[in-house]
Amino acid sequence: LRSNTIICYRICSMLRLFKSSYARVAFSTVVVLRWSSPSARTVAIRPPPSFASMPISTSAPGRPAEDGEVIMLSGYPFYVSGPNPEKVAAVAEEVGRVLRDACGDQVKAVDRMGSSAIDGIAGTPVCDVLAQLSPWPMADDAKERLIEMGFTFQGSAPHDPQDEWFFGGKGEPGHLGRVVLHTVPEGSQFVSDMKAFVEYVKYHPEAFKRYNDVKVEGARVMAEGGPGVDGQMLGYKKKKDDVCNEIRREAIEWWKREGHYKN
């Protein structure tokens, strides 16, 4: 080689693409190879100056690298880069099969809702599933079958008296495989509100970033200096409530302008 220094730029990009063509670049690395003599060489790997403060590895101890950084809140994992979207989708599909086995034709639609329906956003791996039933509420014998399958009936949800919900799924509470199942009347306003929220955050990068940032900030504050371990998850939820409600209002207005909102 004629030059004493060869600089090779190797840009490694981890991209999460959304329908809005929004992408996030995770990191870039500069590899510098130096030859001081034909018989001696050193290899230096360093991040470029603009990324100097970004960690190359963000895996929590004992976690697979693919999980990224994981913050523990009240013993539950919080994924800074979001839980694995394929695994969460698989959980939702399994719940749909279980629900149809239990309820038959009473099930009219099954969808994901909340953060677990938004790929790449920070949050816990618990999957929120929204099922529309007709007639509503779920028949007593269907509830019994769900309970036999490991779900626990929680009664009416605090946010909507026409939402009967269940906790269930597989694995440890708060971990991947667990589910919060919401059952509502077919065509309810709650369905429209939840759909508006998910689609708005997916299609609006600024809303995605605002919601993601407050979730991560809340999780860090609770984990590092918040209440005792038992209160960390509750404290995290309170930290994000204002921004979440603000985005929900924006989403509903947007959904109305798009002509999709039902009330």
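1. Let us start with Trp 255, which is buried at a relative accessible area of 11%. (Buried means under 20% relative accessible area, exposed over 50%, and partly exposed in between, with a 1.4 Å probe and protein chains only.) Trp 254 is buried too, with a relative accessible area of 12%. Please keep in mind that this is a predicted model: local features need pLDDT of at least 70, side-chain atom pairs count only at pLDDT 80 or more, and totals for chains, interfaces and linings use all residues. Residues are numbered from 1 along each chain as its sequence is written, and side-chain values use heavy atoms, with hydrogens and water left out.

2. On to the aromatic rings. A search of the whole structure gives 7 aromatic pairs. (Rings of Phe, Tyr and Trp, the last by its six-membered ring, pair if their centres lie within 6.5 Å; planes under 30 degrees apart count as stacked, over 60 as edge-to-face and the rest as tilted.) One of them joins Trp 165 and Phe 167: their ring centres are 5.4 Å apart and their planes stand at 70°, so this pair is edge-to-face. Trp 254 and Trp 255 make a tilted pair, with 5.3 Å from centre to centre and 40° between the planes. Together with Tyr 200 and Tyr 203, Trp 254 and Trp 255 form one aromatic cluster.

3. Arg 248 belongs to helix H5 (residues 232-257). (Helices, H or I with at least four residues, and strands, E with at least two, are DSSP runs numbered from the N terminus.) The charged end of Arg 248 sits over the ring of Phe 197, 5.8 Å from the ring centre. (This requires NZ of Lys or CZ of Arg within 6 Å of the ring centre and within 35 degrees of the ring normal.) Arg 248 and Phe 197 are 51 residues apart along the chain, with 5.5 Å between their C-alpha atoms. Leaving aside residues up to four places away in sequence, Arg 248 touches Met 194 and Phe 197. (Contact means heavy atoms within 4.5 Å.) Arg 248 counts as partly exposed at 25% relative accessibility.

4. Now for the sheet. Its 5 strands form an open sheet in the order E6-E7-E10-E9-E8, with mixed pairing. (Two strands pair if DSSP finds at least two bridges between them.) Strand E6 (107-113) and strand E8 (152-157) stand at the edges with a single partner strand each, so one side of each has no neighbour in the sheet. On average, neighbouring strands are turned by 25° against each other, direction ignored. (Axes are lines fitted to C-alpha atoms, for helices over the stretch in contact, and angles run from 0 to 180 degrees between N-to-C directions.)

5. Strand E10 deserves a look of its own. How many of its residues are buried? E10 is mostly covered, with 8 of its 8 residues buried. E7 pairs with E10 in the parallel sense over 7 bridges, whereas E9 and E10 run antiparallel and are joined by 6 bridges. His 182 in E10 stands opposite Leu 130 and also opposite Trp 165. E8 and strand E9 (residues 160-169) run antiparallel with 4 bridges, and Ala 157 has Asp 160 of E9 as its bridge partner.

6. Helix H1 (residues 85-103) lies across E6, strand E7 (127-133) and strand E10 (178-185), at about 160° to E6. In helix H2 (residues 140-148), Ala 142, Lys 143 and Leu 146 are buried. Seen down the axis of H2, the buried residues fall within an arc of 100°, so they line one face of the helix. (The arc is that of the directions from the helix axis to the C-beta atoms.) These buried residues pack against H1, E8, E9 and E10; on the other side of H2, Asp 140 and Glu 148 are exposed.

7. Finally, some backbone details to check. The loop between E7 and H2 holds Pro 135 and Pro 137. A cis peptide bond joins Ser 134 to Pro 135, with omega about 0°, and another joins Trp 136 to Pro 137, with omega about 5°. Just after H2, Gly 150 takes a positive phi of about 105°. Ser 74 is not a glycine, yet has a positive phi of about 50°; Ser 74 lies in the loop between strand E4 (70-73) and strand E5 (76-79).
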